[in-house]
Amino acid sequence: MTNSRHAVEFAGRTLDRSRHICAFFNSADEERRVLRSFNKDGIDRGEKEVHLVEAALRAEYLKGLEDAGIDVQQAMHTGQLEVLPWTDAYVRDHQFDQDAMLASVEQLIQSGAAAGYPLTRLVGHHMDWLFLDKPAVTNLVEYEARLNHVLAEYDDAVICNYDLSMFSASVAMDIMRTHQLVIMGGLLQENPFYVPPEQFLDEMRQRRTARMTRAH
């Protein structure tokens, strides 16, 4: 692990070895309510926070952080809080660029440590635009599996937020299977459906081969 062990409290429990969490929400209000303590505690404890959001929703998102009791302007002024838009660099030719996103996450984590923060809390807000394209969704799911390899080197906590109304049950299950921890119905719990990254990626390759075989 690159960072020294640093406790993270969330939803009434101390996060253990795994800190890669998928969170399913039915509304923006539910998301704000559930993540309120996670977001505020990070700021209060002097940790770095990076939130990736839809550019059009940034102002509304910042207001939600303010409503949670965070001095947003001060935290952003010092660099402790960054609220960044999703970038086109992650989607090229209708493909979610796994490598670009993995490199970006690692860079964000490393830059937090380099700036002297004991931990970085990274929150990926809904990527609604991505679910309009099936190949991009497939790449997203594979990215989530591969992200486990990157995060195994760090203590930093990453929460990937998803709007349940945006995708099918089968996609939701695939997303869930790439995370050891899941938030559903506002509750954080160990995920019994978790599959280790290599096993999951092998299954995805088999699915791709089967589709190509059927197509021919």
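Student: With which side chain does the side chain of His125 make a polar contact?

Tutor: Good place to start! Keep in mind that this is a predicted model. In it, the side chain of His125 makes a polar contact with that of Glu31, at 2.8 Å.

Student: Where does His125 lie, and which residues does His125 touch?

Tutor: His125 is in the loop that runs between β8 (120–124) and α5 (134–151). Leaving aside residues up to four places away in sequence, His125 touches Glu31, Leu52, Val53, Tyr61, Trp86 and Asn161.

Student: Is His125 buried or exposed?

Tutor: Buried means under 20% relative accessible area. His125 has 9% relative accessibility, so it counts as buried.

Student: How do I read a pair of aromatic rings?

Tutor: Such a pair is described by the distance of the centres and the angle of the planes. This structure holds four aromatic pairs. One of them joins Tyr162 and Phe167, with 6.0 Å centre to centre and 85° between the planes, an edge-to-face arrangement. Tyr162 is buried, at 1% relative accessible area, and Phe167 is buried too, at 13%. Ring pairs also link Phe24 with Tyr162 and Phe167 into a cluster.

Student: Over which ring does the charged end of Arg121 sit?

Tutor: That would be the ring of Phe38, with the charged end 4.7 Å from the ring centre.

Technical notes: Residues are numbered from 1 along each chain as its sequence is written. This is a predicted model: local features need pLDDT of at least 70, side-chain atom pairs count only at pLDDT 80 or more; totals for chains, interfaces and linings use all residues. Side-chain values use heavy atoms; hydrogens and water are left out. Helices (H or I, at least four residues) and strands (E, at least two) are DSSP runs, numbered from the N terminus. Buried means under 20% relative accessible area, exposed over 50%, partly exposed in between (1.4 Å probe, protein chains only). A polar contact is a pair of N or O atoms within 3.5 Å; within protein, one must be able to donate a hydrogen and the other to accept it, and residues adjacent in sequence count only if both atoms are side-chain atoms. Contact means heavy atoms within 4.5 Å. Rings of Phe, Tyr and Trp (its six-membered ring) pair if their centres lie within 6.5 Å; planes under 30 degrees apart count as stacked, over 60 as edge-to-face and the rest as tilted. A charge sits over a ring if NZ of Lys or CZ of Arg is within 6 Å of the ring centre and within 35 degrees of the ring normal.
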